[in-house]
Amino acid sequence: MPSAPARAGFVPLPMVIVLLALVTTPWWLAKVGLYQYLALEVMIWMLFALGYNLMLGTSGLPSFGHGAFFGVGAYAFGLLQQRVLANLWFDLAGAVLVTALLAAIVAACVSHKRGIYFALLTIAFGQVFWFVSIKWHSVTGGEDGLLNIRRPIAQLGPWAFDLRSNEALFYFCFAVFALALVGLWRLVHSPFGRVLSAIRQNEVRAAFVGYNVWLYKWLVFTLASAIAGLAGALFAMAQQSAYPNVMSLHSSGFVVMMVLIGGGLVSFWGPVIGAVFFILARDVLGATTETWLLWYGLLFVVMVLCKPEGIAGLWQAARRQLSARKAAPGLPHEGVAHGPV
Amino acid sequence: MALFEAIGLHKRFGDHVVLQDINLAFEEGRLSGIMGPNGAGKTTCFHVLTGQHAPDRGRVLFAGENITGLPPRRIAQKGISRSFQVMNLFNEYSALDNVLVALPSVRRQGFNVVRDLGANRAAQDEAAAVLARVGLAGKEHAPARGLSYGDRRALEIAVALAAAPRLLFLDEPTAGLGAEATERLADLISELKRQLTIVIIEHDMRFLFRLADHVSVIHWGQVIVSGTPAELRENPWVQRSNLGALAA
């Protein structure tokens, strides 16, 4: 991401818009011909993509095996529930922890690399996890996946929430998503986030002003994977199962495409836009043609060729032009604009 | 005792011996220069002194402490800063943010994930003060990549200064600068010279002789002569070489 705006604030306008749009979906989504489960799924992908963008957009670490950690979270949630203890909080925390631990090991192996070597290693590790999920039949259920994952009751002090309906689970995931969103927004503007961005811009200089670059990369890899694990756990609840295909290379590719099409390289909100775009393309385009992925892929190619800053980049450029025209009608503008979007 | 000492440094890349028994001492509060023709081993010497390469033999002492082979970040944390010959900035950041991220007070809270750095007035004022020191007041919010070459060079030094170092290494600060910008840079460095210990690697001899208290000449990986600029002008070797002609 570019130089972060001067002040983060707690709840900026785009965040209000995103959260309002999401929380009101039970009232309007059905009216436009879509269904509630879609909002649930979009939100989970948003969470996954936002976490992933900590690596790609903020830190400049191109991981192409990130789907593995989404999958690990999903499997860990299901296995903990079925084999250890069927308690929502325990299973969620456990899934996040297991994912973070595995990611920490992988991160320790890749954090001294950058660029293409980093990317290739993440692909290799991703494939290892995918392979294990397919072959370790007695634990993961192999290619059939892990079935019958339940949606446990959410016990919060004296209150208990039944999450079995899609709508209830939606609200639960919304709460988790909102907390994560505020946390990530703060993180990107915190000293930690700024150092990550500095490392992306110039790793050598960051080391020479005294930062332990390896440690920062290791931490952000682990953190982004833990978020993927959380998203995966929620996805396991949504789907009531966990399948190996979420760990596959093309699933890892989806999240990269979401972030790039949305504009994660230039905006915090890119992954949010990208997730909506992807799920809508899949469902709306997918309803009319079986080859939706072909068209989506072509669009991706056009986007990367013509506007690599993605949809958020288009929006920023449009705003810049507008404000320049307002500021000095008839005069050519100086292309300097800063803003949180 | 000198603030910084290099004793018997050797460095080779494969069969090629680049540094051979280099001894250097930089006194506190002085401006020392290292000069030499291209390919003499100046830059390798610089890399060894600032931790980018470990020497094959020899020791590097800073304030009496052995810092040989420490990684760059540890050397930076001990109070040694360096600027780069090829500009090495955080290009997407504003000038202010470039300095901000290099401040020790910000570095110490580098693992803080909650605090809003944009709301940290104290750190921003500190960074702005560093920019003012190098003559970049008023350009705080310009993106680093949009600055002029001379301003980028000044920012390069500001990032190094942000750490409030005891010792500042400058790697060919005049490289690529025009006459006027070089003049401005010389003014800046003579100002800084009163505030901290500086070591400059340079092949612009006029520039170096004007500023330095003490100069060491490196050639064929060895220190050939060293002394004050006045002594070097008198030195027959320097007079015979091209270097002397330039400095006259």
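Predicted model: local features only at pLDDT ≥ 70, side-chain atom pairs only at ≥ 80, totals over all residues.

Mentor: N202(A) counts as buried because 22 C-beta neighbours lie inside 10 Å, where the cut-off for a buried residue is 20 or more. In chain A, N202(A) sits in the loop between helix 9 (191–201) and helix 10 (203–208). Setting aside neighbours within four places in sequence, the contacts of N202(A) are N88(B), L89(B) and F90(B). For a sense of distance within the chain, take R151(A): N202(A) is 51 residues from R151(A) in sequence, and their C-alpha atoms are 45 Å apart in space.

Chain B puts 31 residues into the contact, and chain A puts in 26. On the side of chain B that touches chain A, helix 2 (72–77) and helix 4 (104–108) of chain B each supply at least two residues. Helix 2 of chain B gives the most to that side, with four residues. By class, the residues on the side of chain B that touches chain A are 16 nonpolar, eight polar and seven charged.

Next comes the nonpolar core. The largest nonpolar core has 180 residues, and those touching the most other members are I44(A), V99(B) and A158(B). Helix 11 (residues 213–239) of chain A gives the most to this core, with 18 residues.

Back in chain A, one helix pair can be described in detail. Two packed helices are described by the angle between their axes and the distance between the axes. Helix 4 (residues 67–83) and helix 6 (residues 115–135) of chain A have axes that come within 8 Å and cross at roughly 35 degrees. The crossing of helix 4 and helix 6 of chain A is left-handed. From helix 4 of chain A, the residues that meet the other helix are G67(A), A68(A), G71(A), V72(A) and Y75(A); from helix 6 of chain A, they are F125(A), G126(A), F129(A), W130(A) and S133(A). This contact between helix 4 and helix 6 of chain A has six nonpolar, four polar and no charged residues.

Chain A has 15 helices and two strands, whereas chain B has eleven helices and ten strands. The radius of gyration of chain A is 20 Å, which agrees with a compact globule of 341 residues, since such a globule would have a value near 20 Å. For chain B, with 248 residues, the radius of gyration is 18 Å and the value for a compact globule is near 18 Å, so these agree as well. Along the principal axes, the C-alpha atoms of chain A fill a box of roughly 65 × 55 × 45 Å, and the C-alpha trace of chain B spans about 60 × 40 × 35 Å. Buried residues account for 48% of the 341 residues in chain A and for 44% of the 248 residues in chain B. Among contacts between residues at least 6 apart in sequence, 74% in chain A join residues at least 24 apart; the corresponding value in chain B is 66%.

Definitions and conventions:
Residues numbered from 1 in each chain as written. Chains lettered and ligands numbered in written order. Rg over C-alpha atoms; globule rule 2.2 N^0.38 Å. Buried ≥ 20, exposed ≤ 12 C-beta atoms within 10 Å, placed from the backbone. Contact = placed C-beta atoms within 7 Å. Axes fitted to C-alpha atoms, helices over the stretch in contact; angles between N-to-C directions. Left-handed = near helix turned anticlockwise from the far one by under 90°. Nonpolar A, V, L, I, M, F, W, Y, C, P; charged D, E, K, R; others polar. Core = buried A, V, L, I, M, F, W, Y, C linked by C-beta atoms within 7 Å.
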